[in-house]
Amino acid sequence: MKKVEVIGHLDCKDTVLRTLQELGVVEIEDVTDQLTDAQAEDGSSVFVSRDSDPERIAAVQESISRIKSALEFLEQLSPRKKSFIEQFVGFQVPLTPRQLDEFLSDTAALDRLLMHVKELEQKLQSLENRVNGLKQLIGQMTPWSRLEIPVEELVQTRHTIALAGTVEAEHLHELTNQIQEASDDTAVATVVSQDQYTARTVVIAHRKYEDQVVSVLRSHGFSPQSFPFQKGFVSDFIQETREELACVLRQMDEVVREAKALDGEKNRLWAVLDAYETERDRLLMAERLARTEKAFWLVGWSKADESGRVEDALRKIDDTLVVAIKDPDAGDEPPVALVNHRLVRPFEVILDLYSLPKTGEIDPTAFVGFFFTLFFAMAAADVGYGVVLAAVCYFLLRKLRMSDLGRKTFELLMISGVASAVFGLATGSLFGFNLGYSLISPVEDPIPFLVLSLGLGVVHLYAGVLLEFYDNVRNGRVMAGVFDQGLWLVFLTSLILLGVQSQVPVGVPLGKYAGYVAIGSAIGLVLTQGRHHSNPLLRIGSGLASLYNVSGYLGDVLSYTRLLGLGMASGVIASVINLVAGMFWRTPIIGPAVTIAILVFGHIFNLFIGVIGEYVHVSRLQYVEFFGKFFEGGGRAFSPFKVKSRYVYITDAQGQGGKV
């Protein structure tokens with residue numbers, strides 16, 4: 001990484017930020033925590049502050065909110081149909097440069113569009129509220145639809161009272177009797193409707209019995225009913241309300257049709273939204289800069305191979321700009337960017353999901369790529385699955401626009417698919433069918449496959465220890481490399497040879513010499529592993545305790561048996577699918593169709609769950625067993641300031657994809 005420092009007049013600041021954003025290769029640091037008051041040549045104080053434009057940021061954010069609100073409204077009424085893949089990776093709208101310029105330059109059309117959408121949204125909301133109100137009225141009045149007198153007659157007269165309301169249905173008969181007793185059999189109680197819990201009733205009684213009748217009604221939970229109209233029958237009111245509801249619904253349909261007619265304007269909104277979000281990012285990034293009354297100061301990082309391009313672009317802006325490209329200063333913590341060969345680069349995703357190496361640490365991506373591909377191929381171990389996986393990934397990479405992380409992931413799976421197909425030739429498996437030969441097979445002959453898995457596990461662990469040895473030596477810690485890695489490699493190798501001698505007798509007395517080497521290296525570990533202690537007893541004790549790490553290495557090696565388990569599971573499931581499908585082949589009429597369906601969907605399912613399991617378990621072998629031997633990590637990922645187009649991308653006139 002190279003450190004980039006820029007000092008210039010405030011008039012150039014926006015152009016500098018715009019240039020860096022378009023280049024997309026410089027990470028800008030926040031220098032506001034380093035602010036101090038400077039001294040001018042005449043001795044006066046020069047105030048240094050954070051560069052910020054809160055009013056402009058607020059205005060841009062308001063525009064973003066308006067556009068997002070309009071898009072949400074239009075998408076709600078007319079959602080864009082997404083393909084199955086787009087539901088996971090998202091989508092972007094292709095635009096030609098001419099279309100983009102038109103959308104960004106015609107601000108009047110944008111304002112009219114936003115205003116029109118807002119009016120439609122408010123109108124639709126008002127109509128929805130009206131619909132809800134009308135439905136509520138219909139729901140309230142429907143139980144009273146059988147009321148056979150107009151509501152204007154439910155009033156008190158000089159001699160009578162009329163009470164309409166609800167009572168508890170459980171004791172309705174008892175209520176009727178009590179009303180008759182309270183009114184000397186002169187009151188009339190009519191039940192309009194009732195359900196399990198509530199009865200709707202109208203009671204007409206002489207005024208002189210009003211207190212007694214009201215008392216009886218209250219004892220049964222009487223609740224007066226009010227009517228939302230003054231004259232006419234309830235049934236007529238319900239009919240009129242339904243007609244009004246139908247009219248309002250037609251108006252809503254008209255508003256929805258008018259909104260859907262604006263579907264073609266979404267591209268304009270997405271394009272402008274991208275532009276505003278780009279400007280917002282630039283304004284927020286400006287807050288990382290320091291400024292005086294007339295000048296600004298910017299500090300950032302770029303890759304060494306990009307620094308020349310950065311310097312050339314900045315110097316073209318203004319001759320007065322001071323641009324310094326230099327190596328990191330002592331105490332700096334530059335971000336980390338991995339630089340690898342094209343075939344190795346996809347495996348950077350393994351580190352992206354775990355942790356990047358810190359500055360000065362070894363980049364293990366090449367080793368991860370080799371072992372990941374090998375172990376993935378062993379776990380899949382099928383020509384058919386490998387070819388299908390590679391073909392699907394290749395197709396998606398050609399047809400879909402993906403993020404950097406997504407592209408790396410599919411490239412990794414494509415390479416792993418090719419390797420799986422190659423290893424499948426050794427196992428002689430094609431979608432679970434035997435090709436007539438088998439050099440090694442996790443299903444038919446698992447012991448050799450298990451030995452191979454454990455052997456490659458030892459190689460994998462040794463590679464991790466050797467990388468730590470190399471890192472110690474290159475940083476001047478030669479003795480640490482010899483004692484902490486060299487002795488362990490000798491000790492572990494001698495133990496392996498002893499084990500081989502006991503299981504596979506050979507002419508050379510390996511056990512005798514390996515035993516001497518094991519004893520010698522063990523003594524060396526006891527004497528050196530506790531060397532950081534000044535107390536001799538603690539030193540020897542720590543050395544003896546370190547020998548227990550042999551069990552840790554043994555546990556790590558046994559972890560590689562998962563490769564046999566994955567390969568066996570995939571092969572057995574494929575064989576079962578083939579067996580079940582074959583049972584239907586001779587079924588009349590539908591047999592071949594059922595067989596093909598079982599084969600297709602069964603193997604797709606097996607491939608899907610297999611890829612997930614293989615990716616997870618093989619990644620674990622890197623993270624736990626391999627990285628545990630040498631990798632410290634903790635590096636801060638390089639995050640350059642760039643245009644982050646979320647909604648649109650630029651194509652040429654023929655529709656070919658270009659740069660975002």
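1. In this note a residue counts as buried when its relative accessible area is under 20%, as exposed when that area is over 50%, and as partly exposed in between, with a 1.4 Å probe and protein chains only. The model is predicted, and local features therefore need pLDDT of at least 70, side-chain atom pairs count only at pLDDT 80 or more, and totals for chains, interfaces and linings use all residues. Residues are numbered from 1 along each chain as its sequence is written, and side-chain values use heavy atoms, with hydrogens and water left out. Helices (H or I, at least four residues) and strands (E, at least two) are DSSP runs, numbered from the N terminus.

2. I begin with the sheet. Four strands form an open sheet in the order E8-E9-E7-E10, and their pairing is antiparallel; two strands are said to pair if DSSP finds at least two bridges between them. Because E8 and E10 each have a single partner strand, they stand at the edges, and one side of each is left without a neighbour in the sheet. Between E8 and E9 there are six bridges, and Val188 stands opposite Ile204 in E9.

3. Nine bridges join E7 to strand E9 (residues 198-206), where Thr201 is the bridge partner of Gly165. Two bridges join E7 to strand E10 (residues 223-224), where Ser223 is the bridge partner of Thr166.

4. Next comes the nonpolar interior. A nonpolar core is a set of buried Ala, Val, Leu, Ile, Met, Phe, Trp, Tyr and Cys residues joined through side-chain atoms within 4.5 Å. The largest one has 54 residues, of which Phe73, Trp144, Leu147, Phe227, Val234 and Leu269 touch the most other members. Among the elements that give two or more residues to this core are helix H2 (54-77), helix H5 (107-141), strand E7 and helix H9 (266-286), and H5 gives the most, with eleven residues. Phe73 is in contact (heavy atoms within 4.5 Å) with Val117, Leu120, Glu121, Leu124 and Ala259, once its neighbours within four places in sequence are left aside. A second, separate core of 43 residues includes Leu351, Phe371, Leu456 and Leu461.

5. What are the buried residues of helix H1 (residues 13-23)? They are Lys13, Val16, Leu17, Thr19, Leu20 and Gln21, and the buried residues of H1 pack against strand E1 (2-9), strand E2 (26-28), H9, strand E12 (295-302) and helix H10 (307-315). Just after H1, Gly24 takes a positive phi of about 70°.

6. Aromatic rings form another theme. Rings of Phe, Tyr and Trp (its six-membered ring) pair if their centres lie within 6.5 Å, and planes under 30 degrees apart count as stacked, over 60 as edge-to-face and the rest as tilted. A search of the whole structure finds 23 aromatic pairs. In one of these, the rings of Tyr354 and Phe631 have their centres 6.1 Å apart and their planes at 40°, so the pair is tilted. This pair links distant parts of the chain, 277 residues apart, with Tyr354 in the loop between helix H11 (348-352) and helix H12 (365-380) and Phe631 in the loop between helix H21 (591-626) and E16. Tyr354 is partly exposed, with a relative accessible area of 41%, whereas Phe631, at 9% relative accessibility, counts as buried.

7. A further tilted pair is formed by Phe371 and Phe626, with 6.0 Å centre to centre and 50° between the planes. Phe371 lies in helix H12 and Phe626 in helix H21, so the pair ties together parts that are 255 residues apart in sequence, and both Phe371 and Phe626 are buried. One aromatic cluster includes Tyr354, Phe371, Phe626 and Phe631, together with others such as Phe375 and Tyr560.

8. Most residues other than glycine have a negative phi. Asp184, however, has a positive phi of about 55° although it is not a glycine; this residue is in the loop between helix H6 (172-182) and strand E8 (188-194), and Asp184 is exposed, with a relative accessible area of 51%. For Phe431, phi is also positive, near 55°; Phe431 is found in the loop between strand E14 (429-430) and strand E15 (433-434), and is partly exposed, with a relative accessible area of 27%.
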